[in-house]
Amino acid sequence: VGVRDDEFVEFVHRCSAPLRRTALLMCGDWHRAEDLVQTTLVKLFRAWSRVRGMDQREACARQVLLRTIIDESRRFWRRERSSDVLPDRAIPAVDSDLSIDLRRALAALPVRQRATVVLRYWEDLPVGEVATLLRCNEGTVKSQSAKALAALRTMIDSGRVLEGRQ
Amino acid sequence: MTAADDADRQWAHTLLARAMDDEPELQLRAEEVLTSGRRSLGRRRAALTGAITVVALAATGILLSLADSARSGAQTAHQGQPALSTTAPAAPETTLYGAEGPLILDAHSRVMTPANRPSSGWWNWCTPTGPRWTRDRATGAWTATRPSAASTTRPVPNHR
């Protein structure tokens, strides 16, 4: 058990930061990203006896993270609902920050499009691997990527994001 | 990869890289994750153990019930009575009016119960105090036995 736990701790030290960056691009908030990474790592620990023998542990962790995020987005209390009245929201201290605007633009995309963009253009995964991770075919990955990039460009060009900063 | 694809990739990667300019320090501690993981594993094991216990208890109950009914069937066969009846009685319940008040004669379970008591098999099993009626299959005649004279064995269920 000691060796097993040591291996897991070492894995956590190595993978936490990259996983948190991926989670941030998917959820748009550092704190939530950290929570998602913790959930992912706990799930991995439960299956560590199988995972530790794998060559691609990082890929496995990424897949678990992605499934966790997609599953969470489907939950009733997190699901997006249309409303006539905008809810009150706390304004972050550095609201004018460019990175926050970009994250908001990403957050406006549907979860699977967001996942496609993050996996293809941030994780730099080939289309086939993204398709495997998202359990769809390669054509869907390409079309989702194209739609996501077009939506991001529209948001940027229309000035809803990055207004007056480019 | 076409030039347009390459340009898209470059543009998207730059965009995503700029989205995380203000990366704060990681608060996650590996030891905390390990503790959470152990706790989660323990909860899961406890739930699994509980589920297995419930299934085992249910299976034991079913097996005991099956064994009991098989034993009753064997006892019936030993007494020379057919285990299965192929002919259904014309009237399953008949009310008789005697000195002890109205009684319901249940032809299915072959017992007689007072009319103000439930005439189900459970009542008969739990309180075998009333007169027990049995029918001779050869002659079709019914005979009553008093609890004091009756044997202490359980009533033979009718396997229909």
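Helices (H or I, at least four residues) and strands (E, at least two) are taken as DSSP runs, numbered from the N terminus. The structure is a predicted model, in which local features require pLDDT of at least 70 and side-chain atom pairs count only at pLDDT 80 or more, whereas totals for chains, interfaces and linings use all residues. Residues are numbered from 1 along each chain as its sequence is written, chains are lettered from A and ligands numbered from 1 in the order in which they are written, and side-chain values use heavy atoms, with hydrogens and water left out.

The interface between the two chains is described first. Contact, defined as heavy atoms within 4.5 Å, involves 35 residues of chain A and 29 residues of chain B. The buried area, that is, the accessible area (1.4 Å probe) that two parts lose on being put together, summed over both, is about 3300 Å² between chain A and chain B. Carbon and sulfur atoms give 67% of this area. Polar contacts are pairs of N or O atoms within 3.5 Å; within protein, one atom must be able to donate a hydrogen and the other to accept it, and residues adjacent in sequence count only if both atoms are side-chain atoms. By this rule, 13 residue pairs, with both residues at pLDDT 80 or more, are in polar contact across the interface of chain A and chain B. On the side of chain A that touches chain B, at least two residues each are supplied by helices H1 (2-27), H2 (30-46), H5 (98-107), H6 (111-122) and H8 (138-157) of chain A. H1(A) gives the most to this side, with 11 residues. The residues of this side divide into 21 nonpolar, 4 polar and 10 charged, where Ala, Val, Leu, Ile, Met, Phe, Trp, Tyr, Cys and Pro count as nonpolar, Asp, Glu, Lys and Arg as charged, and the others, Gly among them, as polar.

Charged pairs were examined next. Side chains of opposite charge can pair when their charged atoms come close. With a salt bridge defined as a side-chain nitrogen of Lys or Arg within 4 Å of a carboxyl oxygen of Asp or Glu, the structure holds 14 salt bridges over all chains, and the count between chain A and chain B is 5. One network of salt bridges links Arg20(A), Arg21(A), Glu34(A) and Glu23(B). Arg20(A) lies in helix H1 of chain A and Glu34(A) in helix H2 of chain A, so the pair ties together parts that are 14 residues apart in sequence. Both Arg20(A) and Glu34(A) are buried, where buried means under 20% relative accessible area, exposed over 50%, and partly exposed in between (1.4 Å probe, protein chains only).

A further salt bridge joins Arg14(A) and Glu58(A), at 2.7 Å from N to O. This pair links distant parts of the chain, with Arg14(A) in helix H1 and Glu58(A) in helix H4 (residues 57-74) of chain A, 44 residues apart. Arg14(A) is partly exposed, with a relative accessible area of 36%, and Glu58(A) is also partly exposed, at 31%.

Asp124(A) forms a salt bridge with Arg9(B), the closest N and O atoms being 2.6 Å apart. The pair crosses between chains, from the loop between H6 and helix H7 (127-134) of chain A to helix H1 (residues 3-18) of chain B. Arg9(B) is buried, with a relative accessible area of 18%. Although Asp124(A) is not a glycine, it has a positive phi of about 60 degrees. A positive phi, of about 55 degrees, is also found at Arg135(A), likewise not a glycine. Arg135(A) is located in the loop between H7 and H8 of chain A and is exposed, with a relative accessible area of 61%.

In soluble globular proteins, nonpolar side chains tend to be buried together. A nonpolar core is here a set of buried Ala, Val, Leu, Ile, Met, Phe, Trp, Tyr and Cys residues joined through side-chain atoms within 4.5 Å. The largest such core has 62 residues, of which Phe8(A), Leu41(A), Leu44(A), Leu66(A) and Leu152(A) touch the most other members. H1(A) provides the largest share of this core, 11 residues. When residues up to four places away in sequence are not counted, Leu44(A) touches Phe8(A), Phe11(A), Val51(A), Cys60(A), Ala61(A) and Val64(A).
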